[in-house]
Amino acid sequence: MPATPPRPLPRRRLVLAAGAAALALPRLVLAAPAATVLPPMAEGPFYPRPDWRAGGPFSGDWDADLTRVQRGGRVRVATGEHLALGLQLRDSAGRAIDGAQVEIWQCDTRGRYRHPRDGGTPADVDEGFQGYGEARTAGGGDASFRTIRPAPYLGRTPHIHLKLRHPSFGELTSQLFVDGDAGNAGDFLWRRLAAAERQALGLKLQPASEGGLRWQARHTLVVPA
Ligand SMILES: [Fe+2]
């Protein structure tokens with residue numbers, strides 16, 4: 001029987017594989033323990049829904065590198081302090097969750113979201129900041145993003161919105177904060193959180209100097225078993 005040639009990867013998978021290699025985190029990053037299950041938090045008004053992502057003025061580039069946007073053959077780079085964000089997903093029994101979809105979205109350094117209710121056109125926002133990105137956990141529950149250090153906007157402390165999906169727990173929406181940020185004490189959502197929940201949602205940023213990065217963080221996300 002003749003050997004069957006390997007099937008080429010679909011283009012989307014090739015792009016994701018290339019992105020994952022480019023997003024490898026610096027080796028200095030240490031995992032921060034988090035024993036508390038991720039508390040659900042509001043999605044907020046600026047979640048870029050799939051139908052808008054598919055057909056909106058920014059359609060096309062939604063990979064895990066939010067600091068570069070490719071449009072019409074040009075690549076623009078995000079303003080702000082670039083952050084390598086490593087997330088590890090596990091359940092409350094300690095099992096790593098592979099194959100989960102991880103979505104993040106946040107405002108740019110102008111405080112604008114890529115969303116029709118906020119930055120609805122390319123002129124409204126930092127054209128180099130993707131605003132939304134997605135990845136899938138693999139190799140022990142890991143997903144890597146490259147983004148910017150979250151910026152504040154009117155009424156909110158810096159935060160990154162997060163949505164997780166996997167058959168084992170369904171869908172979970174929350175927000176990540178910057179541990180120790182001076183704006184947290186005045187944030188109406190942060191103030192409602194218990195100390196353990198703040199630890200579960202607080203990114204511990206460490207300085208980075210490789211590859212144009214200013215910050216790095218590795219954070220464990222615990223979902224219900
Ligand atoms: Fe927000």
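This is a predicted model: local features need pLDDT of at least 70, side-chain atom pairs count only at pLDDT 80 or more; totals for chains, interfaces and linings use all residues.
Strand β4, residues 101-105, pairs with β5 in the antiparallel sense, over five bridges.

As a reminder, strands of a sheet pair through backbone hydrogen bonds, either parallel or antiparallel.

Moving along the sheet, β7 covers residues 159-166 and β8 covers residues 170-178; the two are antiparallel and share eight bridges. What do β7 and β8 form? They form a hairpin, with three residues between them. Within this pairing, L164 has L172 in β8 as its bridge partner.

At the β9 end, the sense is parallel: β8 and β9 are joined by two bridges. Here V178 stands opposite L203 of β9.

In soluble globular proteins, nonpolar side chains tend to be buried together. In this model the largest nonpolar core has 44 residues, and the ones with the most contacts inside it are L89, V102, F145, L164, L221 and V223. Which elements give two or more residues to this core? They are β3 (82-91), β4, β5, β6 (142-148), β7, β8, α3 (195-201) and β11 (215-223). The largest share, five residues, is from β3.

Take L221 as one example from that list of residues with the most contacts inside the core. Setting aside neighbours within four places in sequence, L221 is in contact with L38, L87, Q88, L89 and L164.

Last item: M41. Where does M41 sit? Its place is in the loop between α1, residues 11-22, and α2, residues 50-55. Is M41 buried, exposed or partly exposed? M41 has 19 other C-beta atoms within 10 Å, and buried requires 20 or more, so M41 counts as partly exposed.

Again leaving aside neighbours within four places in sequence, the contacts of M41 are T173, S174, Q175 and L189. For L189 there is also a C-alpha distance: 8.5 Å from M41, with the two residues 148 apart along the chain. As for T173, S174 and Q175 among those contacts, you can find them on the screen in β8, which spans residues 170-178.

How values were computed. Residues are numbered from 1 along each chain as its sequence is written. Two strands pair if DSSP finds at least two bridges between them. Helices (H or I, at least four residues) and strands (E, at least two) are DSSP runs, numbered from the N terminus. A nonpolar core is a set of buried Ala, Val, Leu, Ile, Met, Phe, Trp, Tyr and Cys residues joined through C-beta atoms within 7 Å. A residue is buried if 20 or more other C-beta atoms lie within 10 Å of its own, exposed if 12 or fewer, and partly exposed in between; C-beta atoms are placed from the backbone. Two residues are in contact if their C-beta atoms, placed from the backbone, lie within 7 Å.
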